[in-house]
Amino acid sequence: MFAKPSTSNDPYTCVIGARGVVYECTSLAEIDAHLERLVAAIKSAGAPNSIAAYRADIDLLLGRRSYLETTA
C-alpha cells in the first residue's frame, strides 16, 4: 500500500510487513520514508485493526533500521 514495488523479497534488502507489504530497505533514508508514511497512515486511520498492522510494520522497520545502523 505505501511501499515502493519490490523486484524481490530478498530478506537482506526487504522487510515484509504484517499485511504482506514488502518494504525495500537498502538504506536508512528508505526506511525513514516508509516510517513517515506509516505514521501518517496511523494519524488518518480510523479502524483499530489498521492501526495495529501499521504499528507492527513500524516495529519491523525499526528493527531493520537498528540493524543497518550497527552494521554500517
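Here is a short chat about the salt bridges in this structure.

Trainee: What should I know before reading any values, and how are residues numbered?
Mentor: This is a predicted model, in which local features need pLDDT of at least 70 and side-chain atom pairs count only at pLDDT 80 or more, while totals for chains, interfaces and linings use all residues. Residues are numbered from 1 along each chain as its sequence is written, and side-chain values use heavy atoms, with hydrogens and water left out.

Trainee: How many salt bridges does the structure hold?
Mentor: There are three, a salt bridge being a side-chain nitrogen of Lys or Arg within 4 Å of a carboxyl oxygen of Asp or Glu.

Trainee: Which residue does Arg19 meet in a salt bridge?
Mentor: Its partner is Asp57, at 2.8 Å from N to O. Arg19 lies in the loop between β1 (14-16) and β2 (22-24) and Asp57 in helix α2 (residues 48-71), so the pair ties together parts that are 38 residues apart in sequence. Helices (H or I, at least four residues) and strands (E, at least two) are DSSP runs, numbered from the N terminus.

Trainee: Is Asp57 buried or exposed?
Mentor: Asp57 is buried, with a relative accessible area of 0%, whereas Arg19 is partly exposed at 35%. Buried means under 20% relative accessible area, exposed over 50%, and partly exposed in between (1.4 Å probe, protein chains only).

Trainee: New topic: what does Arg65 form with Glu69?
Mentor: Arg65 forms a salt bridge with Glu69, the closest N and O atoms being 2.3 Å apart. Salt bridges that share partners join Asp32, Arg65 and Glu69 into one network.
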